[in-house]
Amino acid sequence: FWLKPLWPERIRLTLLDSAAPSRAMAIKGLKKKVAVKGKKALLKYTVDCQQPADDNIIEPKDLEKFFKDRIKVEGKTGNLGDKIAVTREKSKVHISAEAPFSKRYLKYLSKKYLKMQQLRDFLRVVAPNKTAYELRYFNINEDNDDE
């Protein structure tokens with residue numbers, strides 16, 4: 001072969017040497033990247049059903065059970081494990097979850113619960129702050145001025 005070899009003689013011999021399979025060629029600067037698992041962000045949300053619970057319209061324990069049955073983790077219901085915890089304190093339902101969990105999903109489930117109880121025409125789900133939802137009555141007294 002009349003061209004000058006591009007690889008140094010030592011590396012070429014190592015590659016062509018099939019008699020020694022135990023020697024593995026390590027490439028300089030190439031290391032396996034190991035993912036460092038840090039602490040996942042814990043999200044805490046609250047659904048407050050104070051007004052309807054005071055009027056005995058809904059039971060907070062039923063809403064808590066509904067959340068436990070219906071919340072999906074990795075596409076499966078009843079798969080809460082240690083990633084999601086649903087607790088109740090008087091008329092508030094607390095949900096604490098690991099990072100990929102949406103507050104909007106709680107609103108969706110709350111509306112679904114109200115529809116199931118046929119209360120969707122009387123109650124609405126309102127966000128008073130960034131980490132909470134509240135069940136409130138629709139204001140139906142606004143129309144009384146016309147009469």
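**Exercise 1. Fold inventory**

How many helices and strands does the protein have? Give their order too.

*Solution.* This is a predicted model. Step one: count the elements. There are four helices and seven strands. The order is α-β-α-α-β-β-β-β-α-β-β. Step three: check burial. The protein has 147 residues, and 26% of them count as buried.

**Exercise 2. The largest pocket**

Describe the lining of the largest pocket by residue, element and class.

*Solution.* Step one: take the volume. The largest pocket holds about 160 Å³ of space. Step two: list the lining. It consists of Lys40, Lys72, Val73, Glu74, Lys83, Ile84, Ala97, Glu98, Pro100 and Phe101. Step three: assign elements. Strand E2 (72–73) and strand E5 (92–98) each give two or more residues to this lining. Step four: sort by class. Five lining residues are nonpolar and five are charged; no polar residue takes part.

**Exercise 3. A lysine without a salt bridge**

Which side chain of opposite charge is nearest to Lys103, and how far away is it?

*Solution.* Lys103 belongs to helix H4, residues 103–116. The nearest side chain of opposite charge is Glu134, 11 Å away. The cut-off is 4 Å, and Lys103, though buried, has no salt bridge.

Notes. Residues numbered from 1 in each chain as written. Predicted model: local features only at pLDDT ≥ 70, side-chain atom pairs only at ≥ 80, totals over all residues. Heavy atoms only, no water. 1 Å grid on protein atoms, 1.4 Å probe; cavity = no way out; pocket = protein on both sides within 12 Å on 5 of 7 lines; lining within 4 Å. Points joined across faces, edges and corners; volume = space filled by probe spheres on them. Nonpolar A, V, L, I, M, F, W, Y, C, P; charged D, E, K, R; others polar. Buried < 20%, exposed > 50% of the residue type's maximum accessible area, 1.4 Å probe, protein only. Lys, Arg positive; Asp, Glu negative; His and termini not counted.
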